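Please work through each task before reading its solution.

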Amino acid sequence: MASDGHIPNASLETVSFAALEQKDPNEINKLATASTSAGFFYLDFEGSKVDKLPEMKRDLLKVMESYFHQPLDVKLQDYKGHSKRGQVFVKKGTFSGVDREKQEESFEHLAIGSYDLKMNVAGALPALFHEAGNLVPEYIAACEHVVRSLLSCYGYILNMSESDLQKHHDQSVKSETILALLSYPGRLTHQKHTDLGSLTVLFSDQWGLQVFSPSTSGWEWVEPREEQAVINVGDGLRFISGKKLFSSVHRVVREGRASSEGHRYSIAYLLRPADNTTFLDAEGIEITAKELAESKYNSYAASHAEQDKSSVLMGGMEKTFGVRV
Ligand SMILES: O=C(O)CCC(=O)C(=O)O
Ligand SMILES: [Fe+2]
């Protein structure tokens, strides 16, 4: 891995969500450019219908701190028996970390299924979150508004009917959409990957996130911004778009610029297509969104040697970039 001294900050576009809500053509243009290059952009919520999102994030971070500081055996009560699927507490080391020699050094997280939450709020949330009232459902509702508006802009960019794109993401149909609350105590990391879903709304106040730049063929730091989310396209929307959009390749490291950060937290709303949506994957094989999620979770959890053998972890982006990341 390159030493930190040589890793620049990524110069990512900042897009106004209020302008996207108004379908401002200049802002939609920025979205199109950002989603066909590195794939990450900042989204600013000022003046929009969800201008409270950064404030809600701060409240959620406080609850997360209390949750993740509980002893492991308490958190494991939320484990529910799945090792790789969402809607549960996933202990550190379940997925593979950045360092080939220390693969078990990966983040822990709590995944809250948005469909499950709608069906049964109490059952989908660990007890500690009940004290936060409607914070989690309201946070998810705000993110749903964000991704619905973004999808409608992507419909315009891709010249696809808006209803078609929304239909692939019908919130009343079961999907793997989750709110993932991630915790990186100590030096835990997150192995390079593309997201399996369609769109990610990510907040973190700490350094650590890096994006792969196709123009320099190297990693770049994503500067944390307290008031803005980082958005990226994942494999689901990329495949639905006929691979016109780019999935961003990213990871979380704890060295260099990030080494002086303490316990790192991030909040990722991960929109995934409805389970029964079908598309052609990186290899051109027709699969459902649910099948993609299964193979992607398997890849996240596999050894580096296994990951290297297939295009699943990186969503086929290495072929698009023409380089091994
Ligand atoms: O923790 C982060 O900043 C990144 C999280 C991430 O990449 C993910 O949840 O897919
Ligand atoms: Fe990710």
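**Exercise 1.** In this predicted model, is Asp59 buried, partly exposed or exposed? Identify also the salt-bridge partner of Asp59 and its place in the chain.

*Solution.* Step 1: the relative accessibility of Asp59 is 34%. Step 2: buried requires under 20% and exposed over 50%, so Asp59 counts as partly exposed. Step 3: Asp59 pairs with Lys62 in a salt bridge whose closest N and O atoms are 3.7 Å apart. Step 4: both residues belong to helix α3 (residues 53–68), and because they are three residues apart, about one helical turn separates them. Step 5: Lys62 has a relative accessible area of 57% and is therefore exposed.

**Exercise 2.** Determine which parts of the chain the salt bridge between Asp235 and Lys296 ties together, and whether these residues are buried or exposed.

*Solution.* Step 1: the closest N and O atoms of Asp235 and Lys296 lie 2.5 Å apart. Step 2: Asp235 is in helix α10 (residues 235–240) and Lys296 in helix α11 (residues 289–301), so the bridge ties together parts 61 residues apart in sequence. Step 3: both Asp235 and Lys296 are buried.

**Exercise 3.** Describe the surface patch to which Asp99 belongs, and locate Asp99.

*Solution.* Step 1: Asp99 gathers with Glu101, Glu104 and Glu255 in a patch of negative charge on the surface. Step 2: Asp99 is placed in the loop between β3 (89–90) and β4 (108–113). Step 3: the relative accessibility of Asp99 is 35%, so this residue counts as partly exposed.

Technical notes:
Residues numbered from 1 in each chain as written. Chains lettered and ligands numbered in written order. Predicted model: local features only at pLDDT ≥ 70, side-chain atom pairs only at ≥ 80, totals over all residues. Heavy atoms only, no water. Patch = residues over 30% accessible without salt bridge, like charges linked within 9 Å, V, L, I, M, F, W, Y side chains within 5 Å. Areas by Shrake-Rupley, 256 points an atom, 1.4 Å probe, with all protein chains shown as cover. Salt bridge = Lys/Arg side-chain N within 4 Å of Asp/Glu carboxyl O. Lys, Arg positive; Asp, Glu negative; His and termini not counted. Charge placed at Lys NZ, Arg CZ, Asp CG, Glu CD. Helix = DSSP H or I, 4+ residues; strand = E, 2+ residues; numbered from the N terminus. Buried < 20%, exposed > 50% of the residue type's maximum accessible area, 1.4 Å probe, protein only.
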